[in-house]
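Visitor: Please show me the structure, and let us go through the terms used for it.

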Amino acid sequence: MSFDYIVSILGPMLEGAQMTILLFLIAIAVSIPLGFLLTLAVRSRFKTLSRLAQTYIYVMRGTPLLLQLLFICFGLPMIPVIGEYLVLDRFVAACLGFILNYAAYFAEIFRGGLLAIDKGQYEAAQVLGLNKFQTMTRVILPQMFRIALPAVANESVTLVKDTALLYAVAVPELLHFAETAVNRDFTIAPFLVAGIIYLIMTLILTMFFKWIEKRFNFA
Amino acid sequence: MAIIEVKNLKKSYGHLDVLKQITFDVNKNDVVAVIGPSGSGKSTMLRSLVQLETIDGGSICVSGDYLVKDGVYSKPADIKNITAKMGMVFQHFNLFPHLTVKENLELAPKLVKKQAPSAIQQQSKDILEKIGLSSHANAYPSNLSGGQKQRVAIARALMMNPDILLFDEPTSALDPELTGEVLQVMKDLAKEHMTMIVVTHEMGFAKEVANRVIFMDNGEIVESGHPAELFENPQHERTKAFLNRSLK
């Protein structure tokens, strides 16, 4: 396992890591707001909307992400009549799969955050004359995000690692390049390098969330 | 003259009647202490005045405006205007933990009253000074003692310039050595002729500060009167039994 060899495989692997990071950023940027909307839908007064959202969360959390990805990439195009219009670019399909899946998890995290807020907070806001919207945006949500932060951090680390599932739908990402190099050069070094790159990415992410947690510490 | 008139207030949870035909008046500048055993409906009665509980029958009239008349509530906009005349202090403070003391005080005036920021800041500065917490303006509630938290909660209510302050067991969640500082703030308010209704277990406060005591038991007002009369010469057996238990 020479130093030169590692440098030589590093180029394509970092390129793969770029794909990983891109997917991560897109998935997190869309699934967090979507998850929050789902939380609101679950808590909605409109029973039909609430049930729909609950069913959605149940299905997304109750089936493997890999199955969902395979379904979107290979299953949708096989649907009669409309299937031919559902052939998506692999990367787009993968983004869609991650967003839809992670939104369900984030929805549950935010719901937990809302449940943790004492009803006295709503009562104090009401007696002070805040309307529902002001209560939500100025009192409840800031607390909910703070409470949800550790769980969001945890889920984000899982997301970084789950991007390796792109391997199964043949989108060239970090693990894909490692696997190719292992098969081609008959050495496990690329796997180790991939592991280290994942660790660096999750370390940066963990530090980022620690920093945010500290910034929003009300103590 | 009566600033609050409550007539035949009724509320039940299923078959349980928590308020049975409650009737009382509160005059301007009164300090009314509401005492009674747990589960007697004291808190529910107080909370119904600011629409934290919905009642099933009776009337609540504040400064001549009906919040609810014979069980029929006014329009939401009117309810908002009427309840805005009252401030509320809770047993568990209910401060906003993500905001500093100063921000806790200034949030509602900023959002609801839409006063000039400079006026709001001046007011919060004055009130903090009055309750002796100027040096804690930028602290978060989690860094305050229970007594300090409750004083901030009182200050937050005062920021809305209420005509009437309602206290729901303001010292019950405090360590005994911290109740004094909160009671002192309340006494100061009484001296300034703030109209107050205080649900409390502090018999000493009721005796010393209140000019009227209402004894509730089992969803009814059993007896009410001047503290000297009610404490020294209770007319009803239930009042006697309760006072015996509380004052020994």
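Guide: The largest pocket of this predicted model is lined by 33 residues, and nearest its centre lie Ala125(A), Gln126(A), Gly129(A), Leu130(A) and Asn131(A). Residues are numbered from 1 along each chain as its sequence is written, and chains are lettered from A in the order in which they are written. Local features need pLDDT of at least 70 and side-chain atom pairs 80 or more, while totals for chains, interfaces and linings use all residues; side-chain values use heavy atoms, without hydrogens and water.

Visitor: What makes a residue part of the lining of a pocket?

Guide: A lining residue has an atom within 4 Å of a point of the pocket, which is an open set on a 1 Å grid over the protein atoms alone, where a 1.4 Å probe fits, with protein on both sides within 12 Å along at least five of seven lines. The lining here divides into 21 nonpolar, eight polar and four charged residues, with Asp, Glu, Lys and Arg counted as charged, Ala, Val, Leu, Ile, Met, Phe, Trp, Tyr, Cys and Pro as nonpolar, and the others, Gly among them, as polar.

Visitor: Why is Lys110(B) called partly exposed?

Guide: Partly exposed lies between buried, under 20% relative accessible area, and exposed, over 50% (1.4 Å probe, protein chains only). Lys110(B) has 48% relative accessibility, so Lys110(B) counts as partly exposed.

Visitor: How many residues of chain B are in contact with chain A?

Guide: With contact meaning heavy atoms within 4.5 Å, 23 residues of chain B touch 19 of chain A.

Visitor: What are the ipTM and pTM of the model?

Guide: The scores are ipTM 0.93 and pTM 0.87. Chain B averages a pLDDT (the predictor's confidence in each residue, from 0 to 100) of 94.
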